[in-house]
Amino acid sequence: MTRIDLFKQHLQEKKAVKVIAGIDNFDIINIKKVVSSAETSGASAVDICAKEEIVKEIRSMTELPLFVSSIVPEELVKAVELGADAIELGNFDVLYKKGISFAAQDVLKLVNRTVELLNGKKTFFSVTIPGEISIKEQIELARELETIGIDLIQTEGHFSKTSQADGVRGLMERAELTISNTIELVRNIEIPVMTATGINPTTAPFAFAAGASAIGVGSCVNKMDSTLSMIATIKNLVQIAEKNSIKTMELV
């Protein structure tokens, strides 16, 4: 079984947990902490930026399935050459922070360019659907991506620079849109859906209840200072995913 086969199996069992170091996180010390914590905790995969030297270093230190994220097709293809097991077109937060919006056609154009550059090389390909576009556009885009042969759709929520409510209410507000997007997409496409943005031990059960086959967790892990805290959080998320898988199998 190859590394990506393990991730695919977790997808089928609706228990995949991808730990995201961050598309714009170039702090190699932090990234290594995140990756080692994910490996120790039984996560399904890790997701890192596309910086060449970082991809090389992380590939050499882990046997976990390695996703590399970028919005630049050339970087994604280079990552495959460097040993990435999967590529992710997204996350678009890096653009939103700069005040740049992203339309469905922008995503489609980048996906087609990446496929063209891959030149027939079979690579697990995940694509983030912009959370800012209408749900009708999200569904249409997801269906087009399905036709192209994309392996996984990742949802996202609303990006906001303003502070949110404290406590559980704030956590739920951040995750609300990505979870509702998950519900709509799961109803309308056949390929698996990963829920990301604001996913943590509080909101993860809602993502799986919405039909997600996987969750993508970033800031609730990579913002922590302590490796022990990272491990504890990821283990909690893996346990939540395992419970969802058992529940799903019981319903079949």
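Modeller: Happy to! Keep in mind that this is a predicted model. A compact globule of 252 residues would have a radius of gyration near 18 Å, and the chain has 17 Å, so the two agree. Of the 252 residues, 53% are buried.

Now let us turn to strand S3, which covers residues 66-70. This strand is mostly covered, with five of its five residues buried; buried here means under 20% relative accessible area. In a regular strand, side chains alternate between the two faces of the sheet. In S3, Leu66, Val68 and Ser70 point one way, while Phe67 and Ser69 point the other way. Residues on either side of S3 are buried.

What about a neighbour? Strand S2, made of residues 45-48, pairs with S3 in the parallel sense, over three bridges. To find the pairing on your screen, look for valine 46, which stands opposite leucine 66 of S3. That leucine belongs to the group of S3 residues that also includes Val68 and Ser70, pointing one way from the strand.

Stepping back to the whole chain, consider the contacts with a separation of 6 or more: 66% of them join residues 24 or more positions apart.

Terms used. Residues numbered from 1 in each chain as written. Predicted model: local features only at pLDDT ≥ 70, side-chain atom pairs only at ≥ 80, totals over all residues. Heavy atoms only, no water. Rg over C-alpha atoms; globule rule 2.2 N^0.38 Å. Buried < 20%, exposed > 50% of the residue type's maximum accessible area, 1.4 Å probe, protein only. Contact = heavy atoms within 4.5 Å. Helix = DSSP H or I, 4+ residues; strand = E, 2+ residues; numbered from the N terminus. Pairing = 2+ DSSP bridges.
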